[in-house]
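We will walk through it one stop at a time.

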Amino acid sequence: MIVFFQSLLSGVLIGGVYALIGIGLTIIFGVMRIINFAHGDIMMIGMYLTYNLFAMAGIDPFLSIAITIPIMFVFGALLQKLFINRVLNALPQNQILLTIGLGLIMSNTMMLIYTSDYKILSTSYSSSSVKLFGISISEPLAISFVITAAITALLYWFFLKTDTGQAIRATAQDREAAQLMGINVKRMSIIAFGLGAALAGTAGALISPTYYIFPQIGSIFTLKAFVITVLGGMGSILGATLGGVIIGVAESMGAVYISSGWKDVVVFVLFLLVLLFKPAGLLGKSRM
Amino acid sequence: MLKIDKLNFSYDDLKVLWDIDLEVHEGEIVSVVGSNGAGKSTTLKNISRLVRPDSGSILFQGEEITKLESHQVVERGIVQVPEGRKIFPEMTVRENLRMGSFIKSAKATRESNMERVFTLFPRLKEREKQLGGTMSGGEQQMLAIGRGLMTNPKLLLLDEPSLGLSPLLVGNIFEIIKEINRQGVTILLVEQNVYQSLRIAHRGYVLETGRVVLSGKGEDLLNDPHVRKAFLGM
Ligand SMILES: Nc1ncnc2c1ncn2[C@@H]1O[C@H](COP(=O)(O)OP(=O)(O)O)[C@@H](O)[C@H]1O
Ligand SMILES: [Mg+2]
């Protein structure tokens with residue numbers, strides 16, 4: 001029984017980080033109707049940024065998100081302004097090519113600078129754990145979950161209570177109507193992509209004490225983000241939050257009860273089942 | 001107030017507006033009537049800058065607006081209530097109205113405008129917390145008009161507000177349009193309901209396959225033999 005709760009808890013904890021990645025992708029999809037295939041690569045950039053801040057300036061990875069978040073926001077905003085805004089009315093295949101291309105440029109640039117060697121960011125607490133009711137929790141995972149929960153709460157507040165957040169939702173629900181209300185939809189798109197990139201970058205920062213860092217890590221996470229988003233319903237923030245946690249738990253349970261090599265299979269079987277029986281996603285709606 | 005001069009517009013290769021001339025004076029209700037596909041909505045889309053004209057000019061209070069972005073047109077005081085309402089389906093009635101007061105100049109009057117809208121449409125007050133997407137067609141139309149009023153429009157563009165409403169509600173909507181106009185909002189109304197819209201209009205234009213074929217006082221157009229034959233079945 002203790003093993004069950006142990007894996008459930010660590011699944012929820014890592015699921016929180018997955019949720020951040022998924023929410024970022026879903027915001028971008030909701031507002032632009034574009035699937036950002038560079039999402040995992042943006043996360044990878046966040047990892048390297050965190051790694052460098054740690055290796056060069058000795059800043060703790062959980063503290064450095066205060067620097068990483070604004071940098072990644074600006075990075076995403078620029079991507080939107082310079083590239084994505086130009087293909088909003090283009091054919092879907094062109095949009096896909098553009099984001100895949102941007103992702104390739106990012107991973108190859110990082111490979112040029114850092115080679116494909118695995119980097120490890122090891123802090124004093126990287127492998128320590130805390131005990132709670134007899135369940136041991138990885139310390140970095142616990143800290144990252146607390147940060148994730150705070151960021152998610154802030155995000156919900158932003159989208160539900162502020163004018164700009166509401167305007168982003170309005171743009172996602174009906175772009176033309178939003179324009180007719182005087183909302184600058186191009187500006188909202190820039191903010192939305194900035195937010196998506198900031199969330200992906202933050203997720204990268206949060207997992208950097210526990211994951212290997214290498215230029216190609218992005219593609220795994222793009223796929224994961226996609227699964228999470230589809231699971232929750234494309235464009236639904238609540239759905240992506242839920243999807244992230246479900247995937248985290250499924251992976252963790254799969255690793256414990258089947259074998260760690262099979263955890264991805266568990267995730268994709270779950271994914272296929274949802275597609276089969278609830279194709280619109282768990283929450284059945286696709287709007288922010 | 002609004003002066004459209006020789007406006008031409010095409011969707012790709014399909015030309016749909018030919019040399020449209022149209023004027024709206026301050027305080028007026030101007031109706032543009034014409035059958036389905038005549039180019040009424042396209043004309044409004046050009047004014048709101050959702051599309052770009054091939055040629056021609058649109059002046060609003062002396063300013064050329066064909067150079068502006070759509071949100072800037074709203075900031076100048078032109079607000080469109082689009083065909084098919086286009087309310088935000090996953091937002092409550094109150095949130096929809098709040099989006100109507102997104103622009104800076106409207107934020108200050110948000111609460112008083114909300115009261116004004118609720119006085120005009122008590123139904124919306126009752127449904128304040130309901131999601132827009134779950135309301136009936138008539139309620140959605142009220143919400144769309146209310147949302148437009150939240151922006152403090154000088155000129156309100158209404159695209160087929162009576163479409164799909166029950167006969168009882170149709171009469172209601174036209175009364176409300178008159179009331180909004182009495183409160184000082186200039187109105188450019190686009191309708192297939194030729195009789196009702198010309199009846200409340202100071203002036204009107206008849207649009208056929210993208211051209212203005214007739215214009216004049218509302219009541220004169222109602223008595224025009226061509227209008228009576230083509231639109232009123234008399
Ligand atoms: N998005 C579009 N793409 C191509 N053609 C369009 C589009 N919207 C409207 N049209 C065409 O333009 C013409 C005018 O349409 P519209 O302005 O909607 O007419 P109305 O509002 O008077 O019914 C019609 O022939 C219609 O088929
Ligand atoms: Mg129309």
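Taken alone, ligand 1 exposes 560 Å², and the protein buries 60% of that; accessible areas come from the Shrake-Rupley method with a 1.4 Å probe, and for residues only the protein chains shown count as cover.

A word on ground rules: this is a predicted model, where local features need pLDDT of at least 70 and side-chain atom pairs count only at pLDDT 80 or more, while totals for chains, interfaces and linings use all residues. Residues are numbered from 1 along each chain as its sequence is written, chains are lettered from A and ligands numbered from 1 in the order in which they are written, and side-chain values use heavy atoms, with hydrogens and water left out.

Now select the whole shell (residues with a heavy atom within 4 Å of the ligand). Among its members are B:Val16, B:Ser35, B:Lys40 and B:Thr42. The shell divides into three nonpolar, six polar and one charged, where Ala, Val, Leu, Ile, Met, Phe, Trp, Tyr, Cys and Pro count as nonpolar, Asp, Glu, Lys and Arg as charged, and the others, Gly among them, as polar.

Which helix gives the largest share of this shell? Color residues 40-47 of chain B: helix α1 contributes three residues. Helices (H or I, at least four residues) and strands (E, at least two) are DSSP runs, numbered from the N terminus.

Four strands of chain B form an open sheet in the order β2-β1-β4-β5, with antiparallel pairing; two strands pair if DSSP finds at least two bridges between them. Its edge strands are β2 (14-24) and β5 (63-64) of chain B. Helix α1(B) touches β1, β2 and β4 (55-60) of chain B, and its direction makes about 115° with that of β1(B). Contact here means heavy atoms within 4.5 Å; axes are lines fitted to C-alpha atoms, for helices over the stretch in contact, and angles run from 0 to 180 degrees between N-to-C directions.

Zoom in on β1 (residues 2-11) of chain B, joined to β2(B) by seven bridges. B:Leu7 stands opposite B:Ile20, and B:Ile4 has B:Leu22 as its bridge partner. In the hairpin turn, B:Asp12 has a positive phi of about 50°.

Finally, display the open sheet of six strands, β6-β7-β8-β3-β9-β10 of chain B, with mixed pairing. The twist averages 15° from one strand to the next. Strands β7 (residues 155-159) and β8 (residues 186-191) of chain B run parallel over five bridges, with B:Leu155 opposite B:Thr186.
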